[in-house]
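Open the model in your viewer and get ready to select. This tour goes from one stop to the next along a contact between two chains.

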Amino acid sequence: MANKIDEVQVRRVARLSRLDLTEAEVEEFTDQLSAILDYVEKMNELDTEGIEPLAHCLPISNVFRDDCIVESLGTEKTLANAPQRDGEFFKVPKILDEGSGA
Amino acid sequence: MTNVQYKVIVGLEIHVQLCTKSKMFCSCAVEFGAAPNSRVCPVCLGMPGVLPVMNRQAFEYAVLVGLALDCRIPMFTKWDRKSYYYPDLPKNYQISQYDLPLAANGFLEIPLESGGGKKIGIIRAHLEEDAGKNLHTAGNFSQVDLNRTGTPLLEIVTEPDMNSGAEVRALATELQRIVRFLGVSEADMQKGHMRFEPNINLIITKDGAEYRTPIAEIKNLNSFRALERSVNYEVRRQLDEFLETGQVMEMGNKTTRGWDDEQEVSVLQREKEEAHDYRYFPEPDLVPVELTPEWLQQIRSRLCELPLQKQMRYVEQYKLSDYDAGVLTAELSTAEFFDEVVRDGAEPKRVCNLLTQTGLKIANEKGCTINNLGVTPEGIAHLARMVEADTVSSSSSVSIFEVMVETGKGPEVLAEELNLIQKSDAGELERIVDQVLAENPGAVEDVTGGGKKSKKARGFLLGQVMQKTRGQANPKVVSDILDKKLD
């Protein structure tokens, strides 16, 4: 059976997601992801003519909160799980490309 | 020589930080200058199992801006995830809106330097969350402060309708005025509340043929000055590049550039080819928003008269100059103060002079707004009416205004205390004029003799009267009396 997804695509998605995969993992995930896509493909058998796309699986909308402040964790708790810290900051490898900034 | 002409084409993306108390999807405070990583919770950190919840205020603020920009507001809008792999947003995606933004197809009118206005199309406006801050240190690592993560940002995208750096700046400043008038953003440039990304290219006509240069996007500009200058720089750079290489726009040759504010040049940014593969998909953690006509109406009712409308009304209704009207509408607090003084029955032109020449000057020196000077609109209206009634001269009104700010006393009391009540009693002034004429026969002769000395001599006599009355005589009345006596 031809795979839905090839190793090149898996490597690309892994790179985009900053994941470092071993050769064995690339092979394994190529098979697994292809199987998942095969399964999802089954849904194409359904006739969706005239049906609005679903934005969310729950039939609810408008879940809001009021604009009120609740106390944050504070710097110490925030940094508790940090792999590395530098004073009150998270310490991370230097960001080389300039695509950051939302 | 070849014949080269060009037209500048600019579209703008603007990020505006909304002034909510708490963040977009969690209840952490939005606070500039707080200790690093002190306004952070598990939602900000992207911890497993957390759920974002929408801030109603942020949503309503965003819709209000959409309405002010004459956008179509869809009754249904939803959230999407945009892949983002940088440490300043640790959950590895940004919550944003992709295919169903909350506002679309509007316009914003900008004032042109040549007078009149120009409509700039608005493609869309959507809400998203801000990232934290990466601080680059000297060492081989970066520091991350997540306080800003999750701050509500309104992204506004214009049509490429602007044709110069000046127009781009005009749009940015007009948008700043609007969001401030609406009270949805402080729009403080120093605090990064407004950030701009212009997309620029040129349509060049050379020897009768038309060429389009590759589009360059300049990232993350945070001042009006940098915005305008970067656009102007990019125009020159693209023109030179085209003349040298002949390179034209093609699929995929858009570039991203940064702005070096000190050198005043734009610099090509190295980006990986797949950097823009955002892989959007619907955000499963957030349910959609459905507006009702009643809710939309309720938000619409908070629209106020927008700054440019107000400015144009001041010109038409009150006959103020466009410049003065612009000064009065630069800030909502000034415009509201002006409106109140005028509503109290004072003459608009007079009020305008008092506020722009004295009030704003004092406010500037004190570093506050005009409504915080400690003088009431009623007090200023009273002062303006005293000038109109010739009770005080317009130069005295400046001193009275200043002392009103210092002491908090009313204008009438101060005019008395400072001896600034103008003498307009013709009988009393006539006696003083007679006295001055008797004391200065030489000057009288010069005036009645006509010739070039006449005007100067008349001014001297008027000055003598003002001196005798310690500046309290109404110059108009004195002048009339002089005319009568010396004709």
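Start where chain A and chain B meet: the rule finds one salt bridge across their interface. A salt bridge here is a side-chain nitrogen of Lys or Arg within 4 Å of a carboxyl oxygen of Asp or Glu. Select A:Arg12 and B:Asp277: their side chains form that bridge, at 2.8 Å from N to O.

A word on the ground rules. This is a predicted model, in which local features need pLDDT of at least 70 and side-chain atom pairs count only at pLDDT 80 or more, while totals for chains, interfaces and linings use all residues. Residues are numbered from 1 along each chain as its sequence is written, chains are lettered from A and ligands numbered from 1 in the order in which they are written, and side-chain values use heavy atoms, with hydrogens and water left out.

Now select the whole contact (heavy atoms within 4.5 Å). Chain A brings 41 residues and chain B 67 residues. Together they bury about 4,700 Å², with 54% of it on carbon and sulfur atoms. That buried area is the accessible area (1.4 Å probe) that the two parts lose on being put together, summed over both.

Next, colour the chain A side by residue class. Look for 17 nonpolar residues (Ala, Val, Leu, Ile, Met, Phe, Trp, Tyr, Cys and Pro). Twelve are charged (Asp, Glu, Lys and Arg), and twelve are polar (the others, Gly among them).

Last stop: select A:Arg65. Across from A:Arg65 stands B:Asn55.

Definitions and conventions. Two strands pair if DSSP finds at least two bridges between them. Helices (H or I, at least four residues) and strands (E, at least two) are DSSP runs, numbered from the N terminus.
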